[in-house]
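Welcome, and please open your viewer. We will go from stop to stop, with something to select at each one.

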Amino acid sequence: MRYDVLIIGGGPVGNYLATLLAGKLDVAVVEKKSSFGGKACTGIIGAESFKELGFPEEAVINELQGAVFYSKIQSFEIQRESPQAYVVDRKILERELAKEAIKRGADYFIGTTFTGFRNGKARLQHLKETFEIEADFYVGADGVASTVAREIGAKSEAEFLKGYEVEVVGNFRRDFTEVWINKELNPDFFFWVTPVSEDVARVGTFGEFDAFRRFLAERRLKPTSIVEFKAGSVGLGWRKPWVSGNVALVGDAALQIKPTTAGGIVFGAICAHHLARAIIEGDLRSYESSCSAVRKQISSGLRVRKVFKGLNQEGIEKIFQILGSEDAIETIEEYADFDDHLRTFRALAKKPRLLAALLRISPSLIRALL
Ligand SMILES: Cc1cc2nc3c(=O)[nH]c(=O)nc-3n(C[C@H](O)[C@H](O)[C@H](O)COP(=O)(O)OP(=O)(O)OC[C@H]3O[C@@H](n4cnc5c(N)ncnc54)[C@H](O)[C@@H]3O)c2cc1C
C-alpha cells in the first residue's frame with residue numbers, strides 16, 4: 001500500500017493533522033487502540049485557541065469562566081465575562097476529528113500498531129496480521145512514548161512526570177476551575193479540580209501518587225466517591241530532532257507540551273499546521289523553525305518550571321500575596337491568555353509596583369519570564 005502521508009497515532013494531534021492534509025494529499029492514519037479516547041487528560045483547551053483551531057464544538061462538555069487559586073493559606077479568584085477555557089470529552093474530540101478527516105478522504109487503520117521502519121516502509125500489525133505501508137512522508141503523532149521518535153533516534157533530556165486523574169462526585173462551582181499550589185503536599189506540581197458538571201469534577205496532579213491521595217483528603221473529596229481513575233505521563237522539555245529525513249514528529253511525540261500546565265493539545269495542533277504546510281510544500285526542513293512561537297513558549301515555560309521547583313511554600317505564599325492584590329487581579333483579568341502565559345506575565349511586569357514586589361521575592365522568576 002502506498003500513500004503520500006502516513007500519520008502514526010490517531011490522538012487529537014494526529015487526527016487534527018489528518019484533517020489539514022486530507023483532500024490535498026493521500027493520507028492514512030494508523031491508530032493502535034480499537035477506539036478513540038481513553039487517555040488520562042482533563043481536556044482543558046483555551047477558548048480562543050479552540051475557536052481559532054476550528055476544533056469540533058460537539059466535544060465541549062463544560063465552559064470555564066474563571067479560576068480560583070489556592071495556596072496553603074490564601075486564595076484569590078480570576079473571572080472574565082466570556083468563557084476562558086472549555087473542557088472537552090477526549091473521545092468525542094478525537095472521533096469528530098477522525099470523522100472529518102475521513103470525509104475529506106483520509107483512510108483510517110484502527111487497531112493497528114506501528115512497530116518500526118524497514119527498507120523505508122512502515123511495518124504495521126493488526127491482530128495477527130503484519131503488513132507494510134510506504135509513504136512519501138511519515139509523521140509520528142504517537143504520543144509521549146513515541147515509537148517513531150525511538151525509530152529515528154530522537155533523544156530527550158526532558159522531565160517525565162506521571163499524572164493521576166480521577167472523576168469524582170461532589171458539589172462544584174461549574175464554571176470555575178480550582179488550582180491548588182501547596183508544595184508541602186506536592187513539591188512537583190499543582191493540583192487541579194476542574195468541574196465537568198455541578199456534581200462531577202476531574203481532579204488531578206503530576207508527581208507521586210501519595211501526593212494525590214493527600215490532596216483528596218485535604219480537599220475533602222472521598223476516595224469512595226471516585227467514578228473514574230486514570231494515569232498517564234507527560235514529558236516537559238525537548239525531544240530532538242523533530243525531523244529526520246522524510247519523518248517528522250508532532251504533538252506529545254515531539255514533547256510540544258506547556259511546561260507550566262502540561263497541556264499539549266493546543267501546542268500540538270499549532271505545530272500540526274506548520275507541519276501540514278511543510279508537507280504540502282514537499283520539504284520538511286522549514287517545519288521546526290516555523291514552530292518558533294511554540295518553541296519560545298516552551299523555553300520560557302521551562303524556565304518558570306525551574307523557578308517553581310526551587311521555591312518553597314513560603315515563596316509561593318509571597319507570590320500569592322502579590323498576585324492576589326487588586327492591581328494584579330485586574331491586570332490578569334484584562335490580559336490573561338490561557339495559551340500564551342508570556343502575554344499575561346508581560347502585562348504584570350508593566351506595573352512598576354507589581355514588578356518591584358515580584359523582583360524582591362524572586363528575581364529569577366522575573367528573569368525567567370521576560
Ligand atoms: C493527567 C493528564 C492531564 C492532562 N490534561 C490536559 C489538558 O487539560 N489539556 C491539554 O491540552 N492537555 C492535557 N494533557 C496532555 C494531553 O493529554 C496531551 O498533550 C495530548 O494527548 C497530546 O495529543 P497527541 O495526539 O500528541 O498524543 P496522544 O493523545 O498520546 O495520542 C497518541 C496516539 O497514538 C497512538 N499510538 C501510540 N503508539 C502507537 C503505535 N506504535 N502505533 C499506532 N498508534 C500508536 C495512541 O494510541 C494514541 O491514540 C494531560 C495529560 C495528562 C497525563
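Is Thr-19 buried or exposed? Select Thr-19 to begin: with a relative accessible area of 5%, Thr-19 is buried (buried means under 20% relative accessible area, exposed over 50%, and partly exposed in between, using a 1.4 Å probe and protein chains only).

Before moving on, note that this is a predicted model, in which local features need pLDDT of at least 70, side-chain atom pairs count only at pLDDT 80 or more, and totals for chains, interfaces and linings use all residues. Residues are numbered from 1 along each chain as its sequence is written, and side-chain values use heavy atoms, with hydrogens and water left out.

**Stop 1: around Thr-19**

Thr-19 belongs to helix H1 (residues 12–21). Helices (H or I, at least four residues) and strands (E, at least two) are DSSP runs, numbered from the N terminus. Now show the side chain: one of its polar atoms lies 2.6 Å from the backbone oxygen of Tyr-16. Not counting residues up to four places away in sequence, Thr-19 touches Leu-97, Glu-100, Ala-101 and Arg-104; contact here means heavy atoms within 4.5 Å.

**Stop 2**

Next, select Ser-71, in the loop between E5 and E6. Ser-71 counts as buried because its relative accessibility is 4%. Its side chain makes a polar contact of 2.7 Å with the side chain of Glu-317. A polar contact is a pair of N or O atoms within 3.5 Å; within protein, one must be able to donate a hydrogen and the other to accept it, and residues adjacent in sequence count only if both atoms are side-chain atoms. A polar atom of the Ser-71 side chain also lies 3.3 Å from the backbone nitrogen of Ile-73.

Move to Lys-72, in the loop between strand E5 (66–70) and strand E6 (75–79). Lys-72 counts as partly exposed, because its relative accessibility is 46%. Which side chain does the side chain of Lys-72 join in a polar contact of 2.7 Å? Show Glu-184, and you have the partner. Leaving aside neighbours within four places in sequence, Lys-72 is in contact with Ile-181, Asn-182, Glu-184, Gln-313 and Glu-317.

**Stop 3: the nonpolar cores**

In soluble globular proteins, nonpolar side chains tend to be buried together. A nonpolar core is a set of buried Ala, Val, Leu, Ile, Met, Phe, Trp, Tyr and Cys residues joined through side-chain atoms within 4.5 Å. Select Leu-6, Ile-7, Phe-55, Val-250, Leu-275 and Tyr-287: these have the most contacts inside the largest nonpolar core, which has 70 residues. Helix H6 (residues 265–281) gives the most to this core, with 10 residues. A second, separate core has 37 residues, including Ala-158, Val-179, Ile-181 and Ile-366.

Two packed helices are described by the angle between their axes and the distance between the axes. Color helix H10 (residues 326–335) and helix H11 (residues 341–349): they pack at an angle of about 145°, with their axes 9 Å apart. Axes are lines fitted to C-alpha atoms, for helices over the stretch in contact, and angles run from 0 to 180 degrees between N-to-C directions. Show Ala-328, Thr-331, Ile-332 and Tyr-335 in H10, which meet Arg-343, Thr-344, Ala-347 and Leu-348 in H11.

Stay with H11 and select its buried residues: His-341, Leu-342, Thr-344, Ala-347, Leu-348 and Ala-349. What covers them includes helix H8 (292–310), helix H9 (313–323), H10, helix H12 (352–361) and helix H13 (363–369).

**Stop 4: backbone details**

Most residues other than glycine have a negative phi, and most peptide bonds are trans. Select Leu-127, in the loop between strand E10 (121–126) and strand E11 (129–140). Leu-127 has a positive phi of about 50° although it is not a glycine, and is exposed, with a relative accessible area of 71%.

Then go to Leu-255, in the loop between strand E20 (247–249) and H6. Its phi is near 55°, a positive value in a residue other than glycine. Leu-255 is buried, with a relative accessible area of 0%.

Which kind of peptide bond joins Lys-240 and Pro-241? Select the pair to see a cis bond, with omega about 0°. Pro-241 sits in the loop between strand E18 (239–240) and strand E19 (243–244).
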